[in-house]
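Visitor: I would like to go through this structure with you, one question at a time. Could you set out your terms as we go along?

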Amino acid sequence: MQYSPMILQYFESPLHVGVLDINQPGVGMAVVKSAETGRVIELYVQFDQDDRITNATFKACGCPVTIAVAAFVADYLQQRSRLDAQQLTAEKIARHLNIPKSKYHCALLAEDAVKTAINH
Amino acid sequence: MSKPIYLDYMATTPVDPTVAEKMHFYLTSPDYFGNPSSAHTFGLKARAVIENARAQMAAVIGAEPQEIIWTSSATEANNLALKGIMSQRQYQKRHIVTCQTEHPSVLEPCRYLEKEGCSVTYLAPKANGLIDLNELVAAVREETVLISIAHVNSEIGVIQDIQAIGQLARSRGILLHVDAAQSAGKIPIYLREWPVDLMTFSGHKVYGPKGIGALYVRLKPKVRLLAQMHGGGHESGLRSGTLATHQIVGMGEAFALADTLMTEENRRILALRTRFWHNLQQQNPDIYLNGDPIDRIAGNINMRIDGISSEALLLDLHNIAVSISSACNSVVSQASPVLKAIGLTDAQAYSSLRMSLGRFTTEAEIDETVARMTTAIARLRALSPTWPMRP
């Protein structure tokens, strides 16, 4: 499979790898998985009192696109408002990373992770 | 970027230089381009070369030359064997026993034959990939006509006990077809002594060219089958189509060469595999072999690497060529049926990959692969929420 330069960038050099302490106030997390395909994304977000995301981290296991979308959303969410985060859809993720149709389900998984984490 | 490393010899092999040279001669010579069916000197010369190649193959597998039918590929040979037997009037709508881990070129003809009214039992192998002979006995019925089992599995490289399966088949008057695409030229085959009725061979898996295969059809006792390619009646009426002299030369030469090199090559490749596996495991915990470790051909390493996706590992390995059989291209699972059949979960199948060593694999390539895999595994495990594995 030929991956886009954006996918390769996030796959090869991901930022914000790790976990946050979910016992801390303002921390939300999501664990979304597709057991049939071995994909798992864990996403952590830290909100401040102004409902702004001061930190977001991820862990991911799966194909290169799975890792890339997780790395991308963790990067995208840095310093974003809750509203901005709510508007991050699979379509936006797929467009930004130039994800092929056959891998669109990875973007859906990432959207799911964002929505779950910010509503935690 | 470093030189590419090829570790996918079970997918295909490069044509051995000796084989390529001989093929080139016959491809370019003004003396051997004739139609081998023609009665003039051009045809007779080409025919003689083909019969020499047929004798070469026969000698390697312990068969008579006239028991070898040339086909375009192992896939065609498998189709000819299965459909050629079961389309005969007395065998229509009867029963076949095969295994869930067979190559698609056996499974798909079986599925086709089911639509034509045959019944098929797809045996599940044991966790090590080998067939349980008791289960085979239990699966065989009054109306069973044919058993089809691969000698060596194309994904996990395990070696089935063809002689025991053959003895069972003989005792019940059932025909045995063996797909030897991954075994011939790598491990000894003695068809004069083995109770096998049909056997499939591939040229490009044993350093011969692509586009040529063969089917062994036993003459004593005579196995009858119906041709699937009709035309000029070539190959005793079993497979019509003008024979490709240079391709057949290539296959004969590849088999003869493989036979000469077999013992030493196996020893060398096994030593490389042992070195690779030992070093990889020493530097990376929780890596497991899929399939039996002993009853396995020398070059195959089908492994599971916990905590990561092999699709991601493949990308990190850049120009190291290995094979994965499970890829996430949709929401629905596409985990390898072979790995699922030996008891792996979907997730474990997605963590697995097949590496296969061969004639031109070097120690330097093995060592570089271990080093690059170790780096990649560490990187991907650091990203992974499923690592370390929780009990």
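Guide: Buried means under 20% relative accessible area, exposed means over 50%, and partly exposed lies in between, for a 1.4 Å probe and protein chains only. This is a predicted model, in which local features need pLDDT of at least 70 and side-chain atom pairs count only at pLDDT 80 or more, while totals for chains, interfaces and linings use all residues. Residues are numbered from 1 along each chain as its sequence is written, chains are lettered from A and ligands numbered from 1 in the order in which they are written, and side-chain values use heavy atoms, with hydrogens and water left out.

Visitor: Is B:Y32 buried or exposed, and how is its ring placed against that of B:F25?

Guide: Rings of Phe, Tyr and Trp (its six-membered ring) pair if their centres lie within 6.5 Å, and planes under 30 degrees apart count as stacked, those over 60 as edge-to-face and the rest as tilted. B:Y32 has a relative accessibility of 19% and therefore counts as buried, whereas B:F25, at 42%, counts as partly exposed. With 6.0 Å from centre to centre and 55° between the planes, the pair of B:F25 and B:Y32 is tilted.

Visitor: How many aromatic pairs does the structure hold over all chains, and of what kind is the pair of B:Y6 and B:Y9?

Guide: Over all chains there are 11 aromatic pairs. In the pair of B:Y6 and B:Y9 the ring centres are 5.2 Å apart and the planes stand at 70°, so this pair is edge-to-face. B:Y6 is partly exposed because its relative accessibility is 30%, while B:Y9, with a relative accessible area of 6%, is buried.

Visitor: Which residues form one aromatic cluster with B:Y6 and B:Y9, and which charged residue sits over the ring of B:Y207?

Guide: The cluster consists of B:Y6, B:Y9, B:Y207 and B:F360. A charge sits over a ring if NZ of Lys or CZ of Arg is within 6 Å of the ring centre and within 35 degrees of the ring normal. Over the ring of B:Y207, 4.0 Å from its centre, sits the charged end of B:R359.

Visitor: At what angle do α2(A) and α5(A) pack, and which residues of α5(A) does α2(A) meet?

Guide: Axes are lines fitted to C-alpha atoms, for helices over the stretch in contact, and angles run from 0 to 180 degrees between N-to-C directions. On these terms α2(A) and α5(A) (residues 104-119) have axes 9 Å apart and pack at an angle of about 35°. Contact means heavy atoms within 4.5 Å. From α2(A), the residues A:V65, A:T66, A:V69 and A:V73 meet, in α5(A), A:C106, A:A107, A:A110 and A:V114.

Visitor: Is B:S236 buried or exposed?

Guide: B:S236 lies in the loop between β8 and α7 of chain B, and its phi is near 55°, a positive value in a residue other than glycine. Because its relative accessibility is 70%, B:S236 counts as exposed.

Visitor: Which residues does B:G307 contact, leaving aside its neighbours within four places in sequence?

Guide: B:G307 lies in the loop between β10 (300-305) and α8 (310-316) of chain B, and is buried, with a relative accessible area of 6%. Leaving aside those neighbours, B:G307 is in contact with A:C61, B:S384, B:T386, B:W387 and B:M389.

Note on methods
Helix = DSSP H or I, 4+ residues; strand = E, 2+ residues; numbered from the N terminus.
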